[in-house]
Amino acid sequence: MKALTLIIALVLSVTFSNAQENKNGKSITVIIENIKNNNGTIMLSLHNETTFMKGQGIQTVESKIVDGKVKVTFNNVEAGTYAIMALHDENENKRMDFEDTGMPKESYGVSNNAMSFGPPTYSKAKFEISTEDLEMKIIL
């Protein structure tokens, strides 16, 4: 009986702490249009300076493509500085594929549409979120 009471108390405390946390976080909605085809999925990841181009992001969202478009939302984002990376994973292997020359085979983009020759940089892709929810478009 004590174990059951402890489990219920633990579940309730986690539930209430998550509910409280969700009230404080903001959302970032990303819209991508003009995707070249509906094959595969679009993978998006939210990064801080530490994770950008170095591994898995703080949050990752994956979406099917409908009529060349996706709209996804990162929820419960704490105030801070972030960047978003997007990949059209046409073959659904969960990673970016490259040509023998080192050029990407699949379309990708970053927040602020900060694309140049060479890999994207955090300094050009970063944005702030503080008191308002954000909506942005990313071009692949």
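This is a predicted model: local features need pLDDT of at least 70, side-chain atom pairs count only at pLDDT 80 or more; totals for chains, interfaces and linings use all residues.
Select His47 and Ser45 first: their side chains are joined by a polar contact of 2.7 Å. A polar contact is a pair of N or O atoms within 3.5 Å; within protein, one must be able to donate a hydrogen and the other to accept it, and residues adjacent in sequence count only if both atoms are side-chain atoms.

Residues are numbered from 1 along each chain as its sequence is written, and side-chain values use heavy atoms, with hydrogens and water left out.

Remain at His47. With 1% relative accessibility, His47 counts as buried (under 20% relative accessible area; exposed is over 50%, partly exposed in between; 1.4 Å probe, protein chains only). Leaving aside neighbours within four places in sequence, the residues in contact with His47 (heavy atoms within 4.5 Å) include Phe52, Tyr82, Met85 and Tyr122.

Next, select strand β2, where His47 has its place. Helices (H or I, at least four residues) and strands (E, at least two) are DSSP runs, numbered from the N terminus. Seven of the seven residues of β2 are buried, so this strand is largely enclosed by the rest of the structure. In a regular strand the side chains alternate between the two faces of the sheet. On one side of β2 are Thr41, Met43, Ser45 and His47, and on the other Ile42, Leu44 and Leu46; all are buried.

Now display the partners of β2. Strands pair if DSSP finds at least two bridges between them. Strand β3 (residues 59-64) pairs with β2 in the antiparallel sense over six bridges, and Ser45 stands opposite Thr60. Strand β5 also runs antiparallel to β2, joined by seven bridges; here Leu46 stands opposite Ile84.

Which residues does Ile84 touch, not counting those up to four places away in sequence? Among them are Ile28, Val30, Phe74, Phe127 and Ile138.

Of its 20 residues, Ile28, Val30, Ile32, Leu44, Leu46, Phe74 and Ile84 touch the most other members. The elements giving two or more residues to this core include β1 (26-32), β4 (70-77) and β7 (127-129). The largest share, four residues, comes from β4.

Notes:
A nonpolar core is a set of buried Ala, Val, Leu, Ile, Met, Phe, Trp, Tyr and Cys residues joined through side-chain atoms within 4.5 Å.
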